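Hi everyone, thanks for making time. Let me put the structure up, and then we can walk through a couple of places together.

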Amino acid sequence: MADENQPDQTAGAPEGDAQQPKTTPPAETPPAAAPATPAAEGAKPPAVKKPAPAAKPAAAAHGEKKPAAKKPAVMETTPWESDLTKLLAERFGGAITEFSSYVGQNFLVAAPDSVVAIVEFLREEADFDYLVDVTAVDYPQRPERFDVVYVLYSFARNERIRVKTRIKEDYAPHTVTGVHPTANWLEREVYDMFGIRFAEHPDMKRILLPDEWEGYPLRKDYSIINMDNRWVKDNLGIDSGQ
Amino acid sequence: MPETTFLDANELVLNMGPQHPSTHGVLRVILKLDGEKIRGTECVIGYLHRGVEKIGENRTYQMFAPYVDRMDYVAAVSNGLGYCLAVEKLLNTEAPPRAQVVRVILTELNRIASHLLWLGTHALDIGAITPLFYVMREREEILNIFEAYCGARLTTHAFRCGGLQYEVYDGMEQQAKRFCKAFLPRVDEYEELLSENRIWKERLINVGILTGDECKQYGVTGPVLRAAGVKWDIRKALPYSGYEKYDFEIPTRQNGDTYDRYMVRIQEMRQSVRIVEQAVEDIPSGPIMAKVGKIVKPPVGEAYVSIEAPKGELGYFIVSDGSTQPYRLRVRPPSFINLQALERMSRGALVADVVAIIGTIDIVLGEIDR
Amino acid sequence: MRKLLKTVFLVDLIQGLWVTLRNQHPKHIYTEQYPAQRPKIAERYRGAPRLNIHPVSGETLCIACNLCALACPENLIVVTSERNEQTRRKELTTFIYDTSRCMFCGLCEDACPVDALELTQDFELASYTRDGAIWDRQMLEEGPKPTRYRY
Ligand code: SF4
Ligand code: SF4
């Protein structure tokens with residue numbers, strides 16, 4: 001009998017634990033991240049914040065300091081200026097709100113409806129002929145809920161940049177498959193995981209998950225435990241013990 | 001994309017997989033056939049989806065490291081390297097020189113192991129059974145080095161964020177050197193078996209052609225890109241982990257067909273041996289771990305870091321919110337994107353060629369589905 | 001002309017066959033006769049877990065600090081302890097380790113401050129039941145007892 005209890009314990013407890021970190025971050029962290037973005041728009045590096053973790057593992061003292069250090073929880077970007085940014089600023093004007101770089105990686109933030117034009121312009125005029133990746137990031141606390149990120153690379157310049165755009169939850173950005181055929185599966189994956197529909201995509205359906213799947217797993221409010229419980233209930237007709 | 005619903009009298013829809021020996025895992029390819037000719041293909045993937053990216057959001061940076069080994073399980077060391085580099089980038093540190101050299105040795109050995117496995121299975125798909133046995137023998141030597149170094153053969157978890165956990169064991173240099181010396185004649189042997197073989201050539205030459213421009217359009221990287229004449233390798237273009245110190249070449253070929261990809265990979269193995277030989281010559285002394293502390297907590301920010309994995313560009317895009325867990329962790333898997341070009345490559349080919357083409361992209365389903 | 005002769009005399013195929021023949025020599029045998037012939041396991045191999053006990057007194061080395069359980073990405077270790085009123089130290093009561101979910105990454109081993117938990121060279125972990133894969137403290141201290149076949 002005792003033997004039978006033990007597996008339950010081990011099986012149950014870890015799941016519960018695993019659940020902990022998942023539910024907390026969305027509730028806790030985005031407020032820190034949310035003021036971050038408007039501030040970053042000014043593209044001014046705020047007061048220098050030490051890269052804390054590397055400093056010292058003196059955990060206790062550090063724990064005290066944290067609230068103070070947490071305030072400027074902004075991405076410490078530096079402005080990015082080059083011939084390319086001038087060209088882009090000239091061409092797209094207000095559609096591009098930010099040129100920044102972080103840890104030596106350049107990115108720009110653009111208005112959602114101009115992304116396709118920018119990507120096409122970059123391919124035609126600036127040799128950014130290789131679309132490395134398309135992905136998204138979910139910030140449920142922000143009015144523009146998602147960041148859609150396009151990573152571009154230029155073989156000729158040997159340079160990699162990111163084009164980011166912020167979109168609202170029900171906004172359907174236009175697909176870039178017309179410019180880069182690679183985007184086909186990548187956008188499907190973004191749709192699969194975040195529920196962002198891409199307008200005029202040739203084949204907008206789920207790619208990794210089965211077609212009848214409910215919910216979008218990489219959204220922050222998607223709970224694995226709830227899904228699991230529901231599945232157990234529907235398919236096995238019992239309450240899962242989690 | 002083919003319209004799978006559309007069927008005229010001559011057309012036949014054939015399901016290849018998910019359980020098919022030549023799809024290298026659970027990949028389902030829906031073929032639309034006109035006799036033996038392929039009219040269209042559609043890949044159905046996701047059978048091995050484990051939600052690695054979601055797992056990453058729920059684990060601390062160090063805890064997630066073992067999971068990346070399970071994506072491309074044939075090249076676990078490369079996966080680990082990419083992940084560690086991405087986290088180090090966010091932390092704005094670098095691994096100490098000694099750690100970097102050891103990393104290069106293991107990653108290159110892993111590249112050889114991955115290519116070897118590819119060679120064996122690809123040859124098996126084409127009908128040459130013998131190479132598989134020889135290839136496994138050499139791969140075993142590499143796995144023995146991994147086992148002695150970090151205690152696991154396949155899912156190695158060899159690197160940690162900030163450096164290495166394990167010191168170089170006694171005799172690692174000698175073992176690696178011995179392997180390199182014995183390995184080069186073996187590569188010649190594989191070439192003797194295959195390169196001139198008429199069946200091999202008939203099956204591979206002019207099959208699944210992808211030109212350089214098409215490669216760029218489809219984002220295809222790795223040996224497939226280099227076989228199409230584009231001399232591009234992240235190790236040279238955007239060097240990481242001290243690759244700029246080593247003297248090696250990027251093998252390229254012109255035609256971009258299946259045979260060329262085979263040749264490129266064979267050459268790459270030789271180049272990897274060269275790198276390993278240079279690297280084991282002088283492993284600098286010093287610490288193996290940068291000062292990152294027990295708890296990895298990168299400042300708020302994001303970074304995209306990619307490496308040249310055996311299969312192409314493997315990228316990690318990590319968004320940090322300043323906590324101990326990644327806010328978003330995206331993996332840019334090379335196989336996933338390379339597989340997308342299958343549709344282009346197999347247009348107009350024969351059914352038997354599809355087997356060769358799938359083999360030549362060198363996919364690992366664990367990485368495609370994550 | 002040469003090409004034609006090469007084709008007629010199957011040079012390319014014979015070349016390949018010759019490689020195969022070269023490798024037929026008994027000294028090239030590479031396979032291991034596994035259950036009869038035990039493989040050599042590397043010293044650092046991460047296999048079956050073991051909870052070390054003091055070699056003389058037989059007491060466990062574990063100080064029930066719970067660090068291994070916190071370090072494990074799979075959360076599969078459960079450590080319970082009791083405070084001993086006399087020595088005012090925590091004492092280990094149970095230690096449960098679910099090998100069926102373990103991925104042998106070695107993080108728990110690295111986290112242990114007193115080297116009580118260790119991943120050993122035993123690799124034969126198969127069990128007929130799922131419960132058999134969940135190891136308690138006794139099992140962890142004694143190690144697995146796989147069947148040894150005799151030939
Ligand atoms: S080896 Fe890894 S998965 Fe297994 S118990 Fe230790 S930390 Fe957990
Ligand atoms: S970390 Fe070591 S000492 Fe602490 S509970 Fe685990 S096994 Fe015991």
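Domain 1 and domain 2 of chain A bury about 850 Å² between them, and 51% of that area is on carbon and sulfur atoms. Please keep in mind that this is a predicted model.

Where the two meet, eleven residues of domain 1 of chain A are in contact with nine residues of domain 2 of chain A.

How many salt bridges does the rule find across this interface between domain 1 and domain 2 of chain A? There are two. While we are on salt bridges, have a look at Asp221(A) and Arg145(A), whose side chains meet in one, at 3.3 Å from N to O.

Now let's move over to the ligand. Ligand 1 sits in the second largest cavity. Around ligand 1 you will see residues of chain C, including Cys72(C), Pro73(C), Leu76(C), Ile77(C) and Tyr97(C). The surroundings also include Cys102(C), Met103(C), Phe104(C), Cys105(C) and Gly106(C), along with Leu107(C) and Cys108(C).

And what kinds of residues make up the shell around ligand 1? Eleven are nonpolar, one is polar and none is charged.

Definitions and conventions: Residues numbered from 1 in each chain as written. Chains lettered and ligands numbered in written order. Predicted model: local features only at pLDDT ≥ 70, side-chain atom pairs only at ≥ 80, totals over all residues. Heavy atoms only, no water. Near = heavy atom within 4 Å. 1 Å grid on protein atoms, 1.4 Å probe; cavity = no way out; pocket = protein on both sides within 12 Å on 5 of 7 lines; lining within 4 Å. Sits in = over half its atoms within 2 Å of the grid points. Nonpolar A, V, L, I, M, F, W, Y, C, P; charged D, E, K, R; others polar. Contact = heavy atoms within 4.5 Å. Buried area = accessible area lost by both parts, 1.4 Å probe. Salt bridge = Lys/Arg side-chain N within 4 Å of Asp/Glu carboxyl O.
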